[in-house]
Amino acid sequence: MPQKFQNFINGQWVDAKSGKTSANRNPANWDDIVGLFPKSGKEDIDEAVKAARATYEKWRLMPAPARGDILRKIGDLLVKNKEDIAHEMTREMGKVLDETRGDVQEGIDTAYYAATEGRRLFGHTVPSELPNKFAMAIRVPIGVAGIITPWNFPMAIPTWGIFPAILSGNTVVFKPASDTPKTATTLVQIMMEAGIPEGVVNLVHGAGGEVGNAIVTHPDVDMILFTGSSEIGKQISRDASATLKRVSLELGGKNAQIVMDDADLELALDGVLWGAFGTTGQRCTATSRLILHENVYEKFMEMLVERTKRLKLGDGLHPTIDVGPCINEAQRRIVQSYVEIGKNEGAQLVCGGAIANQGDLAKGWFYEPTIFGNVKPTMRIAQEEIFGPVLSVIRTTSFEEAIGILNGTIYGLSSSLYTRDVNRAFAAIRDIQAGITYINVPTIGAEAHLPFGGVKQTGNGHREGGWAVYDFFTEWKSVYIDYSGRLQRAQIDNY
Ligand code: UN1
(Lines give C-alpha, C1' and ligand atoms only; values in the text may rest on other atoms or scores of the structure.)
Protein backbone atom coordinates (compact mmCIF):
# COMPACT_ATOMS: atom_id res chain seq x y z
CA MET A 1 0.00 0.00 0.00
CA PRO A 2 1.38 3.45 -0.84
CA GLN A 3 2.05 5.78 2.07
CA LYS A 4 -0.68 8.25 2.92
CA PHE A 5 0.23 11.90 3.58
CA GLN A 6 -1.70 14.73 5.22
CA ASN A 7 -2.18 18.47 5.33
CA PHE A 8 -0.42 20.46 8.05
CA ILE A 9 -2.68 22.97 9.76
CA ASN A 10 -1.99 24.79 13.01
CA GLY A 11 0.83 22.42 13.87
CA GLN A 12 -1.19 19.23 13.29
CA TRP A 13 -1.03 16.68 10.49
CA VAL A 14 -4.63 16.22 9.37
CA ASP A 15 -6.61 14.63 6.54
CA ALA A 16 -8.64 16.74 4.16
CA LYS A 17 -12.13 17.19 5.55
CA SER A 18 -13.47 15.36 2.49
CA GLY A 19 -11.36 12.34 3.47
CA LYS A 20 -10.39 11.98 -0.18
CA THR A 21 -6.87 11.47 -1.51
CA SER A 22 -5.21 11.22 -4.87
CA ALA A 23 -2.16 9.26 -5.96
CA ASN A 24 1.05 11.04 -6.89
CA ARG A 25 3.05 9.05 -9.44
CA ASN A 26 6.62 9.01 -10.70
CA PRO A 27 6.57 10.55 -14.19
CA ALA A 28 9.41 8.25 -15.31
CA ASN A 29 7.42 5.16 -14.27
CA TRP A 30 3.74 5.64 -13.63
CA ASP A 31 3.45 2.30 -11.80
CA ASP A 32 5.54 3.82 -9.01
CA ILE A 33 3.21 5.61 -6.60
CA VAL A 34 5.08 8.17 -4.51
CA GLY A 35 2.19 8.55 -2.09
CA LEU A 36 -1.46 9.38 -1.53
CA PHE A 37 -2.12 13.06 -0.84
CA PRO A 38 -5.21 14.86 0.47
CA LYS A 39 -7.73 16.29 -1.97
CA SER A 40 -8.58 19.36 0.01
CA GLY A 41 -11.22 22.01 -0.47
CA LYS A 42 -12.44 25.36 0.75
CA GLU A 43 -13.21 24.05 4.25
CA ASP A 44 -9.57 23.03 4.73
CA ILE A 45 -8.39 26.43 3.55
CA ASP A 46 -10.74 28.10 6.02
CA GLU A 47 -9.02 26.22 8.86
CA ALA A 48 -5.55 27.01 7.55
CA VAL A 49 -6.30 30.72 7.16
CA LYS A 50 -7.83 30.85 10.64
CA ALA A 51 -4.64 29.35 12.10
CA ALA A 52 -2.39 31.64 10.08
CA ARG A 53 -4.36 34.71 11.10
CA ALA A 54 -4.35 33.84 14.82
CA THR A 55 -0.63 33.01 14.80
CA TYR A 56 0.26 36.19 12.94
CA GLU A 57 -0.44 38.27 16.04
CA LYS A 58 2.35 36.47 17.91
CA TRP A 59 4.75 35.82 15.07
CA ARG A 60 4.91 39.46 13.96
CA LEU A 61 6.18 40.38 17.46
CA MET A 62 9.16 38.04 17.40
CA PRO A 63 12.27 40.12 16.58
CA ALA A 64 13.28 39.65 12.95
CA PRO A 65 16.82 38.48 13.88
CA ALA A 66 15.23 35.71 15.97
CA ARG A 67 13.06 34.70 13.03
CA GLY A 68 16.29 34.74 11.01
CA ASP A 69 17.90 32.32 13.45
CA ILE A 70 15.19 29.79 12.68
CA LEU A 71 15.75 30.29 8.97
CA ARG A 72 19.43 29.58 9.46
CA LYS A 73 18.50 26.27 11.10
CA ILE A 74 16.20 25.48 8.19
CA GLY A 75 19.17 26.07 5.87
CA ASP A 76 21.34 23.77 7.98
CA LEU A 77 18.74 21.00 7.86
CA LEU A 78 18.36 21.37 4.10
CA VAL A 79 22.14 20.97 3.80
CA LYS A 80 22.01 17.84 5.94
CA ASN A 81 19.16 16.31 3.93
CA LYS A 82 20.14 17.60 0.48
CA GLU A 83 20.92 14.23 -1.07
CA ASP A 84 17.76 12.49 0.20
CA ILE A 85 15.55 15.37 -0.90
CA ALA A 86 17.16 15.41 -4.34
CA HIS A 87 16.44 11.68 -4.80
CA GLU A 88 12.88 12.07 -3.62
CA MET A 89 12.37 15.05 -5.92
CA THR A 90 13.69 13.24 -8.99
CA ARG A 91 11.34 10.37 -8.25
CA GLU A 92 8.47 12.78 -7.84
CA MET A 93 8.98 15.09 -10.82
CA GLY A 94 11.55 13.50 -13.10
CA LYS A 95 14.41 15.94 -13.63
CA VAL A 96 17.91 14.50 -13.29
CA LEU A 97 19.70 14.30 -9.95
CA ASP A 98 22.22 17.04 -10.68
CA GLU A 99 19.29 19.37 -11.24
CA THR A 100 17.31 18.33 -8.17
CA ARG A 101 20.47 18.84 -6.09
CA GLY A 102 20.65 22.33 -7.57
CA ASP A 103 16.99 22.87 -6.72
CA VAL A 104 17.63 22.02 -3.05
CA GLN A 105 20.75 24.20 -3.08
CA GLU A 106 18.64 27.13 -4.27
CA GLY A 107 16.44 26.57 -1.20
CA ILE A 108 19.54 26.54 1.02
CA ASP A 109 20.81 29.78 -0.51
CA THR A 110 17.39 31.36 -0.04
CA ALA A 111 17.28 30.27 3.62
CA TYR A 112 20.70 31.74 4.44
CA TYR A 113 19.89 34.94 2.58
CA ALA A 114 16.65 35.28 4.56
CA ALA A 115 18.50 34.54 7.81
CA THR A 116 20.82 37.50 7.29
CA GLU A 117 17.97 39.71 6.11
CA GLY A 118 16.59 39.37 9.63
CA ARG A 119 19.39 41.70 10.71
CA ARG A 120 18.74 44.19 7.91
CA LEU A 121 15.15 44.74 6.75
CA PHE A 122 16.38 48.25 6.18
CA GLY A 123 14.07 51.22 6.29
CA HIS A 124 14.97 54.89 5.76
CA THR A 125 15.59 57.75 8.14
CA VAL A 126 15.20 61.16 6.55
CA PRO A 127 15.36 64.70 7.92
CA SER A 128 12.09 66.34 8.84
CA GLU A 129 11.27 69.75 7.36
CA LEU A 130 10.48 71.01 10.88
CA PRO A 131 12.85 71.57 13.83
CA ASN A 132 12.90 69.08 16.69
CA LYS A 133 11.08 66.50 14.70
CA PHE A 134 12.23 63.05 13.57
CA ALA A 135 11.07 61.15 10.49
CA MET A 136 11.57 57.61 9.29
CA ALA A 137 9.95 54.92 7.19
CA ILE A 138 10.00 51.36 8.50
CA ARG A 139 8.98 48.01 7.05
CA VAL A 140 6.12 46.22 8.76
CA PRO A 141 4.67 42.79 8.03
CA ILE A 142 1.34 42.54 6.24
CA GLY A 143 -0.50 39.47 7.52
CA VAL A 144 -1.36 36.16 5.85
CA ALA A 145 0.36 35.20 2.62
CA GLY A 146 -1.01 32.60 0.21
CA ILE A 147 1.91 30.91 -1.58
CA ILE A 148 0.92 28.90 -4.68
CA THR A 149 3.82 27.17 -6.40
CA PRO A 150 4.58 25.08 -9.52
CA TRP A 151 6.05 21.59 -9.88
CA ASN A 152 9.17 22.37 -11.92
CA PHE A 153 11.15 23.70 -8.94
CA PRO A 154 9.39 21.95 -6.05
CA MET A 155 11.88 23.14 -3.44
CA ALA A 156 13.42 26.37 -4.75
CA ILE A 157 10.23 28.20 -5.70
CA PRO A 158 8.31 27.48 -2.45
CA THR A 159 11.35 28.72 -0.51
CA TRP A 160 11.51 31.91 -2.63
CA GLY A 161 8.05 32.71 -1.31
CA ILE A 162 7.79 31.19 2.14
CA PHE A 163 11.18 32.21 3.55
CA PRO A 164 10.97 35.96 2.87
CA ALA A 165 7.29 35.92 3.83
CA ILE A 166 7.92 34.51 7.30
CA LEU A 167 11.20 36.35 7.84
CA SER A 168 9.23 39.56 7.31
CA GLY A 169 6.77 38.52 10.01
CA ASN A 170 3.90 37.21 7.92
CA THR A 171 2.28 33.80 8.27
CA VAL A 172 1.64 31.45 5.37
CA VAL A 173 -0.89 29.19 3.72
CA PHE A 174 1.09 27.08 1.26
CA LYS A 175 -0.47 25.23 -1.66
CA PRO A 176 2.14 23.30 -3.63
CA ALA A 177 1.52 21.95 -7.13
CA SER A 178 -0.47 18.73 -7.06
CA ASP A 179 2.33 17.02 -9.02
CA THR A 180 4.91 17.66 -6.28
CA PRO A 181 3.26 17.32 -2.85
CA LYS A 182 5.99 15.11 -1.40
CA THR A 183 8.82 17.64 -1.69
CA ALA A 184 6.50 20.25 -0.19
CA THR A 185 5.74 17.94 2.73
CA THR A 186 9.45 17.42 3.37
CA LEU A 187 10.05 21.17 3.30
CA VAL A 188 7.33 21.74 5.90
CA GLN A 189 8.67 18.92 8.09
CA ILE A 190 12.10 20.54 8.00
CA MET A 191 10.67 23.94 8.91
CA MET A 192 8.95 22.40 11.94
CA GLU A 193 12.11 20.58 12.99
CA ALA A 194 13.99 23.87 12.81
CA GLY A 195 11.54 25.46 15.23
CA ILE A 196 8.96 27.35 13.18
CA PRO A 197 6.06 27.72 15.65
CA GLU A 198 2.74 25.99 15.01
CA GLY A 199 0.40 27.92 12.72
CA VAL A 200 3.09 30.02 11.03
CA VAL A 201 3.24 27.77 7.98
CA ASN A 202 0.15 25.79 6.98
CA LEU A 203 0.26 23.30 4.13
CA VAL A 204 -2.85 22.37 2.16
CA HIS A 205 -2.66 19.91 -0.73
CA GLY A 206 -5.08 19.73 -3.61
CA ALA A 207 -6.08 21.03 -7.00
CA GLY A 208 -5.63 24.64 -8.06
CA GLY A 209 -9.27 24.97 -9.05
CA GLU A 210 -10.46 24.27 -5.50
CA VAL A 211 -7.65 24.93 -3.06
CA GLY A 212 -5.87 27.66 -5.00
CA ASN A 213 -9.12 29.45 -5.69
CA ALA A 214 -10.19 29.24 -2.04
CA ILE A 215 -6.93 30.96 -1.02
CA VAL A 216 -7.16 33.66 -3.66
CA THR A 217 -10.76 34.57 -2.82
CA HIS A 218 -10.43 34.29 0.96
CA PRO A 219 -11.12 37.69 2.57
CA ASP A 220 -8.60 37.05 5.34
CA VAL A 221 -5.65 36.36 3.04
CA ASP A 222 -3.73 39.58 2.44
CA MET A 223 -1.40 38.67 -0.40
CA ILE A 224 -0.81 36.01 -3.02
CA LEU A 225 2.49 34.93 -4.49
CA PHE A 226 1.87 32.77 -7.54
CA THR A 227 4.29 31.16 -9.98
CA GLY A 228 2.73 29.33 -12.91
CA SER A 229 0.98 29.79 -16.23
CA SER A 230 -0.10 33.15 -17.61
CA GLU A 231 -3.65 31.86 -18.03
CA ILE A 232 -4.01 31.03 -14.31
CA GLY A 233 -2.11 34.18 -13.36
CA LYS A 234 -4.65 36.35 -15.15
CA GLN A 235 -7.49 34.49 -13.43
CA ILE A 236 -5.83 35.00 -10.03
CA SER A 237 -5.38 38.68 -10.74
CA ARG A 238 -9.10 39.00 -11.53
CA ASP A 239 -10.24 36.93 -8.52
CA ALA A 240 -7.93 38.69 -6.08
CA SER A 241 -9.16 42.10 -7.12
CA ALA A 242 -12.47 41.53 -5.31
CA THR A 243 -10.64 41.87 -1.98
CA LEU A 244 -7.82 44.10 -3.32
CA LYS A 245 -5.12 41.65 -2.35
CA ARG A 246 -1.52 42.34 -3.11
CA VAL A 247 -0.57 39.87 -5.85
CA SER A 248 2.85 38.86 -7.19
CA LEU A 249 2.68 36.90 -10.43
CA GLU A 250 5.56 35.06 -12.05
CA LEU A 251 4.22 33.66 -15.30
CA GLY A 252 5.12 32.45 -18.75
CA GLY A 253 8.10 33.06 -20.96
CA LYS A 254 9.21 32.56 -24.55
CA ASN A 255 12.88 33.05 -23.86
CA ALA A 256 15.39 33.37 -26.66
CA GLN A 257 19.10 32.91 -27.05
CA ILE A 258 20.76 34.97 -29.79
CA VAL A 259 23.94 33.59 -31.35
CA MET A 260 25.87 36.13 -33.40
CA ASP A 261 28.42 35.20 -36.05
CA ASP A 262 31.31 36.34 -33.82
CA ALA A 263 30.27 34.08 -30.91
CA ASP A 264 32.27 31.22 -29.48
CA LEU A 265 30.13 28.55 -31.12
CA GLU A 266 31.12 25.68 -28.83
CA LEU A 267 30.20 27.79 -25.81
CA ALA A 268 26.92 28.85 -27.42
CA LEU A 269 26.17 25.21 -28.20
CA ASP A 270 26.66 24.08 -24.61
CA GLY A 271 24.47 26.98 -23.59
CA VAL A 272 21.53 26.26 -25.86
CA LEU A 273 21.53 22.53 -25.11
CA TRP A 274 21.36 23.24 -21.41
CA GLY A 275 18.85 26.07 -21.76
CA ALA A 276 16.50 24.22 -24.10
CA PHE A 277 16.61 20.66 -22.77
CA GLY A 278 17.61 21.04 -19.09
CA THR A 279 14.58 20.19 -16.90
CA THR A 280 13.13 18.75 -20.16
CA GLY A 281 12.48 22.34 -21.23
CA GLN A 282 10.07 22.74 -18.33
CA ARG A 283 11.37 26.00 -16.88
CA CYS A 284 9.74 29.38 -17.20
CA THR A 285 13.24 30.48 -18.18
CA ALA A 286 13.83 27.65 -20.69
CA THR A 287 15.35 28.55 -24.05
CA SER A 288 12.53 27.93 -26.46
CA ARG A 289 13.81 30.12 -29.30
CA LEU A 290 17.27 30.21 -30.78
CA ILE A 291 17.93 33.27 -32.96
CA LEU A 292 20.83 32.34 -35.15
CA HIS A 293 22.89 34.59 -37.41
CA GLU A 294 22.72 33.50 -41.05
CA ASN A 295 26.53 33.38 -41.39
CA VAL A 296 26.74 30.53 -38.88
CA TYR A 297 23.28 29.03 -39.37
CA GLU A 298 24.15 25.83 -41.27
CA LYS A 299 27.28 25.08 -39.28
CA PHE A 300 25.65 25.68 -35.89
CA MET A 301 22.53 23.69 -36.79
CA GLU A 302 24.66 20.72 -37.73
CA MET A 303 26.54 20.87 -34.42
CA LEU A 304 23.27 21.34 -32.51
CA VAL A 305 21.39 18.45 -34.09
CA GLU A 306 24.34 16.11 -33.68
CA ARG A 307 24.59 16.86 -29.94
CA THR A 308 20.82 16.82 -29.39
CA LYS A 309 20.52 13.34 -30.88
CA ARG A 310 23.08 12.13 -28.35
CA LEU A 311 21.08 13.31 -25.33
CA LYS A 312 20.03 10.29 -23.30
CA LEU A 313 16.44 10.14 -22.13
CA GLY A 314 15.44 8.18 -19.05
CA ASP A 315 14.94 7.99 -15.31
CA GLY A 316 16.84 10.93 -13.82
CA LEU A 317 18.01 8.80 -10.89
CA HIS A 318 20.53 7.09 -13.21
CA PRO A 319 23.75 9.08 -13.59
CA THR A 320 24.05 8.59 -17.36
CA ILE A 321 20.72 10.25 -18.11
CA ASP A 322 20.61 13.79 -19.55
CA VAL A 323 16.88 14.42 -19.94
CA GLY A 324 13.97 13.19 -17.83
CA PRO A 325 10.28 12.87 -18.71
CA CYS A 326 7.56 15.47 -19.07
CA ILE A 327 5.73 15.96 -15.78
CA ASN A 328 2.51 14.18 -16.75
CA GLU A 329 0.33 12.96 -19.57
CA ALA A 330 -1.40 16.29 -20.11
CA GLN A 331 1.91 18.13 -20.44
CA ARG A 332 3.23 15.60 -22.95
CA ARG A 333 0.04 15.99 -24.94
CA ILE A 334 0.60 19.75 -25.09
CA VAL A 335 4.15 19.19 -26.35
CA GLN A 336 2.90 16.74 -28.97
CA SER A 337 0.22 19.18 -30.11
CA TYR A 338 2.76 22.00 -30.56
CA VAL A 339 4.91 19.72 -32.67
CA GLU A 340 1.91 19.14 -34.93
CA ILE A 341 1.25 22.89 -35.01
CA GLY A 342 4.89 23.53 -36.01
CA LYS A 343 4.72 21.01 -38.82
CA ASN A 344 1.44 22.46 -40.09
CA GLU A 345 2.88 25.98 -39.98
CA GLY A 346 5.63 24.85 -42.32
CA ALA A 347 8.58 24.84 -39.92
CA GLN A 348 11.26 22.29 -40.68
CA LEU A 349 11.42 19.44 -38.14
CA VAL A 350 15.12 18.66 -37.90
CA CYS A 351 15.16 16.23 -35.00
CA GLY A 352 12.89 14.59 -32.44
CA GLY A 353 9.20 15.23 -32.85
CA ALA A 354 7.85 12.05 -31.30
CA ILE A 355 6.87 10.39 -28.06
CA ALA A 356 9.70 8.21 -26.73
CA ASN A 357 8.36 4.93 -25.37
CA GLN A 358 10.89 2.26 -26.26
CA GLY A 359 12.27 -0.19 -23.67
CA ASP A 360 12.82 1.48 -20.29
CA LEU A 361 10.85 4.52 -21.40
CA ALA A 362 7.58 2.60 -21.86
CA LYS A 363 5.98 3.71 -18.60
CA GLY A 364 7.10 7.32 -18.47
CA TRP A 365 5.96 10.56 -20.08
CA PHE A 366 9.04 10.88 -22.27
CA TYR A 367 9.30 13.02 -25.38
CA GLU A 368 12.24 13.26 -27.75
CA PRO A 369 14.24 16.50 -27.61
CA THR A 370 12.86 18.32 -30.64
CA ILE A 371 14.23 21.06 -32.90
CA PHE A 372 12.44 23.03 -35.58
CA GLY A 373 14.53 24.96 -38.11
CA ASN A 374 13.56 27.85 -40.42
CA VAL A 375 10.94 29.02 -37.97
CA LYS A 376 9.31 32.36 -38.75
CA PRO A 377 9.07 34.75 -35.77
CA THR A 378 5.29 34.96 -36.13
CA MET A 379 4.63 31.21 -36.03
CA ARG A 380 2.80 29.92 -32.97
CA ILE A 381 5.80 27.74 -32.04
CA ALA A 382 7.83 30.98 -31.90
CA GLN A 383 5.21 32.90 -29.92
CA GLU A 384 3.54 30.58 -27.40
CA GLU A 385 5.03 28.97 -24.33
CA ILE A 386 5.29 25.18 -24.82
CA PHE A 387 6.94 24.09 -21.55
CA GLY A 388 8.65 21.04 -23.00
CA PRO A 389 11.72 19.91 -24.94
CA VAL A 390 11.01 21.86 -28.12
CA LEU A 391 13.36 24.46 -29.60
CA SER A 392 12.39 26.79 -32.45
CA VAL A 393 15.31 28.12 -34.47
CA ILE A 394 14.92 31.45 -36.28
CA ARG A 395 17.37 32.79 -38.83
CA THR A 396 18.51 36.42 -38.58
CA THR A 397 20.56 38.72 -40.77
CA SER A 398 21.66 41.34 -38.23
CA PHE A 399 22.05 42.16 -34.55
CA GLU A 400 19.29 44.78 -34.66
CA GLU A 401 16.89 42.37 -36.31
CA ALA A 402 17.77 39.71 -33.74
CA ILE A 403 16.90 42.03 -30.85
CA GLY A 404 13.61 42.88 -32.56
CA ILE A 405 12.75 39.20 -32.94
CA LEU A 406 13.73 38.52 -29.33
CA ASN A 407 11.45 41.32 -28.13
CA GLY A 408 8.60 40.33 -30.43
CA THR A 409 6.47 38.26 -28.05
CA ILE A 410 4.02 39.08 -25.27
CA TYR A 411 6.51 37.76 -22.71
CA GLY A 412 9.75 39.09 -21.23
CA LEU A 413 11.33 36.82 -18.64
CA SER A 414 14.82 35.65 -19.59
CA SER A 415 17.10 36.36 -22.55
CA SER A 416 20.59 35.52 -23.70
CA LEU A 417 23.16 36.83 -26.17
CA TYR A 418 26.30 35.05 -27.31
CA THR A 419 28.83 37.44 -28.82
CA ARG A 420 32.43 38.54 -28.33
CA ASP A 421 31.57 42.15 -29.17
CA VAL A 422 31.36 44.19 -25.96
CA ASN A 423 29.53 47.03 -27.72
CA ARG A 424 26.75 44.70 -28.81
CA ALA A 425 26.61 43.17 -25.35
CA PHE A 426 25.90 46.55 -23.76
CA ALA A 427 23.44 47.56 -26.47
CA ALA A 428 21.58 44.29 -25.81
CA ILE A 429 21.50 44.91 -22.06
CA ARG A 430 19.90 48.27 -22.82
CA ASP A 431 17.46 47.22 -25.54
CA ILE A 432 16.25 43.73 -24.61
CA GLN A 433 12.82 43.75 -22.97
CA ALA A 434 13.22 41.14 -20.25
CA GLY A 435 13.62 40.84 -16.50
CA ILE A 436 16.84 38.87 -16.92
CA THR A 437 19.56 39.22 -19.58
CA TYR A 438 22.52 36.87 -19.80
CA ILE A 439 25.65 37.55 -21.85
CA ASN A 440 27.43 34.37 -22.91
CA VAL A 441 25.27 32.41 -20.45
CA PRO A 442 22.11 30.42 -21.30
CA THR A 443 18.63 31.68 -20.37
CA ILE A 444 18.49 29.46 -17.28
CA GLY A 445 20.51 29.57 -14.09
CA ALA A 446 19.46 32.59 -12.07
CA GLU A 447 21.13 33.00 -8.67
CA ALA A 448 18.97 33.18 -5.56
CA HIS A 449 20.16 36.57 -4.32
CA LEU A 450 19.16 38.58 -7.38
CA PRO A 451 15.65 39.73 -8.29
CA PHE A 452 13.86 37.14 -10.44
CA GLY A 453 10.97 38.02 -12.71
CA GLY A 454 9.93 39.47 -16.01
CA VAL A 455 8.34 42.30 -17.92
CA LYS A 456 5.25 42.47 -20.15
CA GLN A 457 2.88 39.50 -19.71
CA THR A 458 5.43 37.49 -17.74
CA GLY A 459 4.23 39.13 -14.57
CA ASN A 460 2.79 42.18 -12.86
CA GLY A 461 5.96 44.02 -11.96
CA HIS A 462 7.00 42.25 -8.77
CA ARG A 463 10.16 40.25 -8.32
CA GLU A 464 10.87 37.02 -6.50
CA GLY A 465 14.27 36.56 -4.89
CA GLY A 466 17.02 38.81 -3.63
CA TRP A 467 16.27 42.02 -1.78
CA ALA A 468 13.40 42.87 -4.12
CA VAL A 469 11.02 40.21 -2.79
CA TYR A 470 11.07 41.91 0.64
CA ASP A 471 9.29 44.86 -0.95
CA PHE A 472 6.44 42.51 -1.73
CA PHE A 473 6.23 40.98 1.73
CA THR A 474 6.39 44.19 3.75
CA GLU A 475 4.37 47.36 3.95
CA TRP A 476 5.96 50.79 4.39
CA LYS A 477 4.98 52.74 7.48
CA SER A 478 6.08 56.37 7.73
CA VAL A 479 6.67 57.54 11.30
CA TYR A 480 6.96 61.13 12.61
CA ILE A 481 8.08 61.99 16.14
CA ASP A 482 7.83 65.61 17.22
CA TYR A 483 9.90 66.50 20.29
CA SER A 484 9.40 70.27 20.12
CA GLY A 485 6.58 70.22 22.65
CA ARG A 486 4.29 72.34 20.47
CA LEU A 487 2.05 71.91 17.45
CA GLN A 488 4.14 72.26 14.31
CA ARG A 489 2.18 72.21 11.08
CA ALA A 490 4.01 70.77 8.08
CA GLN A 491 3.90 72.88 4.93
CA ILE A 492 2.42 75.78 6.92
CA ASP A 493 4.44 76.83 9.95
CA ASN A 494 7.77 76.52 8.18
CA TYR A 495 6.98 78.48 5.00
C1 UN1 B 1 11.98 28.61 -13.57
O2 UN1 B 1 12.48 28.93 -14.64
O3 UN1 B 1 10.87 28.06 -13.56
O4 UN1 B 1 17.00 30.45 -13.17
C5 UN1 B 1 12.71 28.84 -12.31
C6 UN1 B 1 16.84 29.23 -13.11
C7 UN1 B 1 16.48 28.62 -11.78
C8 UN1 B 1 15.06 28.89 -11.42
C9 UN1 B 1 14.16 28.73 -12.60
N10 UN1 B 1 17.36 29.14 -10.77
O11 UN1 B 1 16.94 28.53 -14.08
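Predicted model: local features only at pLDDT ≥ 70, side-chain atom pairs only at ≥ 80, totals over all residues.
**Ground rules**

I number residues from 1 along each chain as its sequence is written, and my side-chain values use heavy atoms, with hydrogens and water left out.

**Entry 1: the whole chain**

I looked up the secondary structure and found 14 helices and 19 strands. Helices (H or I, at least four residues) and strands (E, at least two) are DSSP runs, numbered from the N terminus.

Next I took the overall dimensions. The C-alpha atoms fill a box of roughly 80 × 65 × 40 Å along the principal axes.

Then I checked burial. Of the 495 residues, 55% are buried. Buried means under 20% relative accessible area, exposed over 50%, and partly exposed in between (1.4 Å probe, protein chains only).

**Entry 2: around the ligand**

Which residues are around the ligand? I listed Glu106, Asn152, Phe153, Trp160, Arg283, Cys284, Thr285, Ile444, Gly445, Ala446 and Phe452. Each has a heavy atom within 4 Å of the ligand.

I sorted this shell into 6 nonpolar, 3 polar and 2 charged residues. Here Ala, Val, Leu, Ile, Met, Phe, Trp, Tyr, Cys and Pro count as nonpolar, Asp, Glu, Lys and Arg as charged, and the others, Gly among them, as polar.

I also asked where the shell comes from. Domain 1 (7–251 + 459–478) and domain 2 (255–439) each give at least three residues. The bounds come from an automatic or database domain assignment.

I noted three pairs. A polar side-chain atom of Glu106 is 2.9 Å from a ligand nitrogen. A side-chain N or O atom of Asn152 is 2.9 Å from a ligand oxygen. At Gly445, a polar backbone atom lies 2.8 Å from a ligand oxygen.

How much of the ligand does the protein bury? Alone, the ligand exposes 320 Å², and the protein buries 99% of that. Accessible areas come from the Shrake-Rupley method with a 1.4 Å probe; for residues, only the protein chains shown count as cover.

**Entry 3: Thr279**

I followed Arg283 to a partner. Its side chain makes a polar contact of 2.8 Å with the side chain of Thr279. Thr279 sits in the loop between α8 (265–277) and β13 (287–293). At 2% relative accessibility, Thr279 is buried.

**Entry 4: two positive phi values**

Leu244 has phi near 50°, positive in a residue other than glycine. I found Leu244 in the loop between α7 (230–240) and β11 (246–250). Is Leu244 buried or exposed? Leu244 is exposed, with a relative accessible area of 74%.

Phe387 has phi near 60°, again positive in a residue other than glycine. Phe387 lies in the loop between α11 (380–383) and β16 (390–396). At 17% relative accessibility, Phe387 is buried.

Key. Polar contact = N/O pair within 3.5 Å; in protein donor to acceptor, adjacent residues only side chain to side chain.
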